[in-house]
Amino acid sequence: MTERLDTGSAAPDFTLRDQDGNEVSLPDLRGRKTVLYFYPAAMTPGCTTQACDFRDSISSLEGAGYRVVGISRDEPSTLAAFRERDGLTFTLLSDPDHAVHSAYGAWGEKMNYGKVVEGVLRSTFVLDEDGTITLAQYNVKATGHVARLRKQLGIDA
């Protein structure tokens, strides 16, 4: 089990490729509040629900000063197809070896159909402009997560 991060922790540094194959690093995200969320796999039902909820809330999130970045183990080409298929307007990053997932504590043991397996722990982190974690949530549910997050961030629907 990877170590979990808490509010006030410095966000672990990373450099990953986005859906277009461009490198994105944590320092690139500084200067603006960021919602960084980890999800198991592009184009699966739960992950699509969650991504579309972020898409549908992007105006209010951006209006409150937040950018959204999703991270999965999918390759950039799969992320590009996901983004295109569902009209996603935020950055998706590829972490195929799950090193960044592990650094954020978003990788570990979980129950899947009654069996203990190792994999992605659906998790969300809110980072401030300096890269400090202001909110860390683990094992979130795909459905309703964005609405709950908006409420926690004080963003009106």
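These questions and answers go through the terms used for this predicted model.

Me: What do the numbers rest on?
Reply: This is a predicted model, where local features need pLDDT of at least 70, side-chain atom pairs count only at pLDDT 80 or more, and totals for chains, interfaces and linings use all residues. Residues are numbered from 1 along each chain as its sequence is written, and side-chain values use heavy atoms, with hydrogens and water left out.

Me: How many helices and strands does the chain have, and what makes a run count as one?
Reply: The chain has five helices and nine strands. Both are DSSP runs, numbered from the N terminus: a helix is H or I over at least four residues, a strand is E over at least two. From the N terminus on, the order is β-β-α-β-α-β-α-β-α-β-β-β-β-α.

Me: How do you know that the radius of gyration agrees with a compact globule?
Reply: The radius is taken over C-alpha atoms, and the globule rule is 2.2 Å times the number of residues to the power 0.38. For 157 residues a compact globule would come out near 15 Å. The chain has 14 Å, so the two agree. Its C-alpha atoms fill a box of roughly 40 × 35 × 30 Å along the principal axes.

Me: What makes Arg17 and Glu23 a salt bridge?
Reply: A salt bridge needs a side-chain nitrogen of Lys or Arg within 4 Å of a carboxyl oxygen of Asp or Glu. Here the N to O distance is 3.6 Å, and the side chains meet in a salt bridge. Arg17 is partly exposed, because its relative accessible area is 41%.

Me: How many salt bridges does the structure hold?
Reply: There are three. One of them joins Arg55 and Asp56, with the closest N and O atoms 2.8 Å apart. Arg55 counts as partly exposed because its accessibility is 26%. Asp56 has 54%, so Asp56 counts as exposed. Another joins Asp86 and Arg85, also at 2.8 Å, N to O. Arg85 has 46%, so Arg85 is partly exposed.

Me: How do you know that Asp18 has no salt bridge?
Reply: Lys and Arg count as positive, Asp and Glu as negative; His and the chain ends are not counted. For Asp18, in strand β1 (residues 15-18), the nearest side chain of opposite charge is Arg83, 6.8 Å away. Asp18 is buried and has no salt bridge.

Me: What makes the Asp18 and Asp20 pair a polar contact?
Reply: A polar contact is a pair of N or O atoms within 3.5 Å; within protein, one must be able to donate a hydrogen and the other to accept it, and residues adjacent in sequence count only if both atoms are side-chain atoms. The side chain of Asp18 reaches the backbone nitrogen of Asp20 at 2.8 Å.

Me: Where is Asp74, and which residue is its nearest side chain of opposite charge?
Reply: Asp74 sits in the loop between β4 and α3. The nearest side chain of opposite charge is Arg73, 8.4 Å away. Asp74 is buried yet has no salt bridge. A polar atom of its side chain lies 2.7 Å from the backbone nitrogen of Ala42.

Me: Which residues does Asp74 touch?
Reply: Contact means heavy atoms within 4.5 Å. Not counting residues up to four places away in sequence, Asp74 touches Tyr39, Ala41, Ala42, Leu79, Ser94 and Asp95.

Me: What makes a group of residues a nonpolar core, and which members touch the most others in the largest one?
Reply: A core is a set of buried Ala, Val, Leu, Ile, Met, Phe, Trp, Tyr and Cys residues joined through side-chain atoms within 4.5 Å. The largest has 22 residues, and Tyr39, Phe54, Val68 and Phe90 touch the most other members. Helix α2 gives the most to this core, with five residues. Apart from it lies another core of 19 residues, among them Leu5, Phe14, Val69 and Leu93.

Me: What makes the phi of Met43 worth a note?
Reply: Phi of Met43 is near 70 degrees, a positive value in a residue other than glycine. Met43 lies in the loop between β3 and α2. Its accessibility is 32%, so Met43 counts as partly exposed.

Technical notes: Buried < 20%, exposed > 50% of the residue type's maximum accessible area, 1.4 Å probe, protein only.
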